[in-house]
Amino acid sequence: MNTNYVFIVYDAEIVNEFLKKIINEKKYPFEFDYRIDNDEKWKLADWHLQSVR
């Protein structure tokens, strides 16, 4: 099953450091991939937001 999630975070650097840490330590319950984009107007997430209406 392939599921996509979109999260808004207020301090992306904290999230990025946490995710890098658990990836490096291999302490995660399932495989995942992530990316962090600066998108203050949510234009990159529009495809997802429109699909969940």
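## Burial and overall form

Of the 53 residues of the chain, 9% count as buried, where buried means under 20% relative accessible area, exposed means over 50%, and partly exposed lies in between (1.4 Å probe, protein chains only). This is a predicted model, in which local features need pLDDT of at least 70, side-chain atom pairs count only at pLDDT 80 or more, and totals for chains, interfaces and linings use all residues. Residues are numbered from 1 along each chain as its sequence is written, and side-chain values use heavy atoms, with hydrogens and water left out.

The accessible surface of the chain is about 5400 Å², and 54% of this belongs to carbon and sulfur atoms; such areas come from the Shrake-Rupley method with a 1.4 Å probe, and for residues only the protein chains shown count as cover. The radius of gyration of the chain is 13 Å, whereas a compact globule of 53 residues would have one near 10 Å. That radius is taken over C-alpha atoms, and the globule rule is 2.2 Å times the number of residues to the power 0.38. Along the principal axes, the C-alpha atoms fill a box of roughly 35 × 30 × 10 Å.

## Helices and loop

The chain has 2 helices and 0 strands. Both kinds of element are DSSP runs numbered from the N terminus, with helices (H or I) of at least four residues and strands (E) of at least two. Helix α1 covers residues 12-24, and α2 covers 46-51.

The loop between α1 and α2 holds Lys-26 and also Trp-42. Lys-26 has a phi near 55 degrees, a positive value in a residue other than glycine. Trp-42 has a phi near 65 degrees, again positive in a residue other than glycine. Lys-26 is exposed, with a relative accessible area of 65%, while Trp-42 counts as partly exposed because its relative accessibility is 29%.

In the segment before α1 lies Asn-4, which is partly exposed at 47% relative accessibility. Asn-4 and Ile-36 are 32 residues apart in sequence, and their C-alpha atoms are 14 Å apart in space.

## Aromatic rings

Rings of Phe, Tyr and Trp (its six-membered ring) pair if their centres lie within 6.5 Å; planes under 30 degrees apart count as stacked, over 60 as edge-to-face and the rest as tilted. By this rule the count comes to 2 aromatic pairs. Tyr-28 and Phe-32 make an edge-to-face pair, 5.8 Å centre to centre with 90 degrees between the planes. Phe-32 and Tyr-34 make a tilted pair, 6.4 Å centre to centre with 35 degrees between the planes.

These ring pairs link Tyr-28, Phe-32 and Tyr-34 into a cluster. Tyr-28 is partly exposed at 25% relative accessibility, Phe-32 is partly exposed at 29%, and Tyr-34 is partly exposed at 27%.

## The largest pocket

The largest pocket has a volume of about 1100 Å³. On a 1 Å grid over the protein atoms alone, a pocket is an open set of points where a 1.4 Å probe fits, with protein on both sides within 12 Å along at least five of seven lines, and lining residues have an atom within 4 Å of a point. Grid points are joined across faces, edges and corners, and the volume is the space filled by probe spheres set on the points.

The lining has 28 residues, of which Tyr-5, Val-6, Phe-7, Tyr-34 and Arg-35 lie nearest the centre of the pocket. Helix α1 gives the largest share of the lining, 3 residues. By type, the lining divides into 19 nonpolar, 3 polar and 6 charged residues. Here Ala, Val, Leu, Ile, Met, Phe, Trp, Tyr, Cys and Pro count as nonpolar, Asp, Glu, Lys and Arg as charged, and the others, Gly among them, as polar.
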